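Dear colleague,

Here is the structure you asked about, with the sequence alongside. My notes on the side-chain packing and pairing follow below.

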Amino acid sequence: MMKHFIFLFILLISCSKAESQQLNISGVPQSKISEIKSYLKGKNYNQELAVFINFKIHSGKYRYFIYDLKKDKVVQKAIVSHGSGSAISHSSALQFSNTEGSYQSSLGKYEIRESYVGKFGKAYRLKGLDTTNSNAMQRAIVLHSYGCVPDRESQNPACLSLGCPMLSVNAFNESAKYIDQSKQPIILYAFY
């Protein structure tokens, strides 16, 4: 009897550990996925894909995720930079702002708008949908690529932007395929 109890106890612990690791494997908390699914209902946005940026994750690690909301899985993950003004000296914490000239990243939901070609090549305009990022258009906060952003994870932090989410060239090109194929705007959600 005691052997059965110990076996069940070990099985229960290993299953709960596997389950908790499975929840964290994507880098996107389930609460944020549920929040976006609710937000999208009845709105003229892509209902199947969303982009998440989890600024809690170290900048040298994958923290940009294109997420399939129907199949509940990550379809792309990448390294993404944050604004130079968001970095706090001698700290791993970040700060955020919606103010022009702060060079800080802004949190909240964005509508990924049309693309254009600028000094970084192809880029997508971002329209802030929350009070925390409502100045994104006037601040020229856009999704673009930059050569200093690596493709692969490392312990080194990613290079810094002036507030824009920057991807590697390869990651940007992969994202562009999803964005360009979408008939409706895709939501990007940056959180901390």
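**Nonpolar cores**

The largest nonpolar core has 27 residues, and Y64, I112, L143 and L167 are the members that touch the most others. A nonpolar core here is a set of buried Ala, Val, Leu, Ile, Met, Phe, Trp, Tyr and Cys residues joined through side-chain atoms within 4.5 Å. Buried means under 20% relative accessible area, exposed means over 50%, and partly exposed lies in between (1.4 Å probe, protein chains only).

At least two residues of this core come from each of β1 (49-54), β2 (64-68), β4 (108-118), β5 (121-128), β6 (142-145), α3 (169-181) and β8 (187-191). The most come from α3, which gives four. Helices (H or I, at least four residues) and strands (E, at least two) are DSSP runs, numbered from the N terminus.

Leaving out residues up to four places away in sequence, Y64 touches V51, F52, I53, Q76, K77, A78, V80, L143, L167 and S175. Contact means heavy atoms within 4.5 Å. There is also a second, separate core of 13 residues, with I33, L69, I187 and Y189 among them.

The model is predicted: local features need pLDDT of at least 70, side-chain atom pairs count only at pLDDT 80 or more, and totals for chains, interfaces and linings use all residues. Residues are numbered from 1 along each chain as its sequence is written, and side-chain values use heavy atoms, with hydrogens and water left out.

**Aromatic pairs**

Searching the whole structure gives nine aromatic pairs. Rings of Phe, Tyr and Trp (its six-membered ring) pair if their centres lie within 6.5 Å; planes under 30 degrees apart count as stacked, over 60 as edge-to-face and the rest as tilted.

F55 and F96 make a tilted pair, because their ring centres are 5.5 Å apart and their planes are at 45 degrees. F55 is in the loop between β1 and β2 and F96 in the loop between β3 (73-78) and β4, so the pair links parts of the chain 41 residues apart. F55 is buried at 4% relative accessible area, while F96 is partly exposed at 22%.

Y124 and F172 are also tilted, with 5.7 Å between centres and 40 degrees between planes. Because Y124 lies in strand β5 and F172 in helix α3, this pair ties together parts 48 residues apart in sequence. Both are buried, Y124 at 1% and F172 at 2%.

One aromatic cluster is formed by F52, Y67, Y189 and F191.

**Charges**

Two lysines have their charged ends over the ring of Y39: K43 at 4.2 Å from the ring centre and K109 at 4.8 Å. The criterion is NZ of Lys or CZ of Arg within 6 Å of the ring centre and within 35 degrees of the ring normal.

Five salt bridges turn up in the whole structure, each a side-chain nitrogen of Lys or Arg within 4 Å of a carboxyl oxygen of Asp or Glu. One of them joins D180 and K122, with the closest N and O atoms 2.5 Å apart. D180 is in helix α3 and K122 in strand β5, 58 residues apart. D180 is partly exposed at 44%, as is K122 at 30%.

E114 and R125 form another, at 2.8 Å, linking strand β4 to strand β5. R113 bridges to E111 at 3.3 Å; R113 is partly exposed at 29%, whereas E111 is buried at 12%.

Regards
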